[in-house]
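Keep the structure open while reading.

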Amino acid sequence: MFKKGDYIVYGSTGICEVVDVTTMHMDGIPNDKLYYILHPYNKKGSEIFTPVDNKRTVMRNIIPPLKAKELLEKIEDVEEFQIPMQKFREDSYKKCLRGCDCREIMGLIKMLHHKKVNRISQGKNFPTTDERYLRIAEDNLIRELAFSLGTPEEKISRYICEKISAPAAVPAH
């Protein structure tokens, strides 16, 4: 269980501060049921009320600094996200973001970034759905990595962009 003052990742919302753990005094809600009151880190003034035992939304600790560093150092090793069926790609994106797995989200960012570069190089538009999920994935992952490492978001963003934009190394024969 998280405690007041903890910073956690709450589903696709991203980083939230636990501002209280309390019961809700409302009709139809058991008096002994505990709720987290969360303040999203990137949306000042908004609150989320969620049961402590919420099974539908992933709630987890922020990635530890060592794991964050490791993920950044090994971006090249992260496999691109795979979409089982193009027809349901938006559902795949949502599921990935709700899963809150930093490595999987990095794979989504890589895949969407490469897709964007390829489409633009062919003179095609990048679909707005893909653009939206690329932005959400980048915002959430970059914010979490920056928070964990105590580094400015812009620095993390530039680093990821450089790493995933770099051409793959061609093995020498």
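Two strands count as paired if DSSP finds at least two bridges between them. Strands E3 and E4 meet that condition, because at least two bridges are needed and four join them, in the antiparallel sense. The model is predicted.

## The sheet

Five strands make up an open sheet. Their order is E4-E3-E2-E1-E5, with antiparallel pairing. Strands E4 (48-51) and E5 (59-61) form the edges, each pairing on one side only. On average, neighbouring strands are turned by 45 degrees against each other, direction ignored.

| Strand pair | Bridges | Sense |
|---|---|---|
| E1 and E5 | three bridges | antiparallel |
| E2 and E3 | seven bridges | antiparallel |
| E3 and E4 | four bridges | antiparallel |

Tyr 10 has Met 59 of E5 as its bridge partner. Cys 16 is bridged to Pro 40 in E3. Tyr 36 stands opposite Thr 50 in E4.

How many of the seven residues of E3 are buried? Five are, and the strand is mostly covered.

## Helix H4 against the sheet

Helix H4 spans residues 128-149. It lies across E1, E2 (14-23) and E5. Its direction makes an angle of about 75 degrees with E2.

Asn 140 belongs to this helix. Is Asn 140 buried or exposed? Its relative accessibility is 13%, so Asn 140 counts as buried. Leaving aside neighbours within four places in sequence, Asn 140 contacts Ser 12, Thr 13 and Gly 14.

## Aromatic pairs

The model holds five aromatic pairs.

In one, the rings of Tyr 41 and Phe 147 have centres 5.2 Å apart. Why is this pair edge-to-face? Planes over 60 degrees apart count as edge-to-face, and these planes stand at 85 degrees, so the pair falls in that class. The two residues come from distant parts of the chain, 106 residues apart. Tyr 41 sits in the loop between E3 (34-40) and E4, while Phe 147 is in helix H4.

Tyr 93 is in helix H2 (residues 89-99) and Tyr 133 in helix H4, 40 residues apart. Both are buried: Tyr 93 has a relative accessible area of 0%, and Tyr 133 has 6%.

Ring pairs also bring Tyr 7 into a cluster with Tyr 41 and Phe 147. The charged end of Lys 44 sits over the Tyr 41 ring, 5.2 Å from its centre.

## Nonpolar cores

In soluble globular proteins, nonpolar side chains tend to be buried together. The largest nonpolar core here has 33 residues. Which residues have the most contacts inside it? They are Tyr 93, Met 106, Leu 108, Leu 112, Leu 141, Leu 145 and Ile 160. Five helices each supply at least two residues of this core: H1 (65-73), H2, H3 (102-121), H4 and H5 (153-165).

Beyond its neighbours within four places in sequence, Leu 108 contacts Phe 81, Tyr 93, Cys 96, Leu 97 and Ala 137.

Another core lies apart from the largest one. It has nine residues, among them Ile 8, Tyr 36, Leu 38 and Ile 48.

## The loop between H3 and H4

Phe 126 lies in the loop that separates H3 from H4. At 11% relative accessibility, Phe 126 counts as buried. What does Phe 126 contact, leaving aside neighbours within four places in sequence? Its contacts are Leu 112, Lys 115, Lys 116, Arg 119, Glu 131 and Leu 134. The C-alpha atoms of Phe 126 and His 113 are separated by 10.0 Å, and these residues are 13 apart along the chain.

Technical notes: Residues are numbered from 1 along each chain as its sequence is written. This is a predicted model: local features need pLDDT of at least 70, side-chain atom pairs count only at pLDDT 80 or more; totals for chains, interfaces and linings use all residues. Side-chain values use heavy atoms; hydrogens and water are left out. Axes are lines fitted to C-alpha atoms, for helices over the stretch in contact, and angles run from 0 to 180 degrees between N-to-C directions. Contact means heavy atoms within 4.5 Å. Rings of Phe, Tyr and Trp (its six-membered ring) pair if their centres lie within 6.5 Å; planes under 30 degrees apart count as stacked, over 60 as edge-to-face and the rest as tilted. Buried means under 20% relative accessible area, exposed over 50%, partly exposed in between (1.4 Å probe, protein chains only). A charge sits over a ring if NZ of Lys or CZ of Arg is within 6 Å of the ring centre and within 35 degrees of the ring normal. A nonpolar core is a set of buried Ala, Val, Leu, Ile, Met, Phe, Trp, Tyr and Cys residues joined through side-chain atoms within 4.5 Å.
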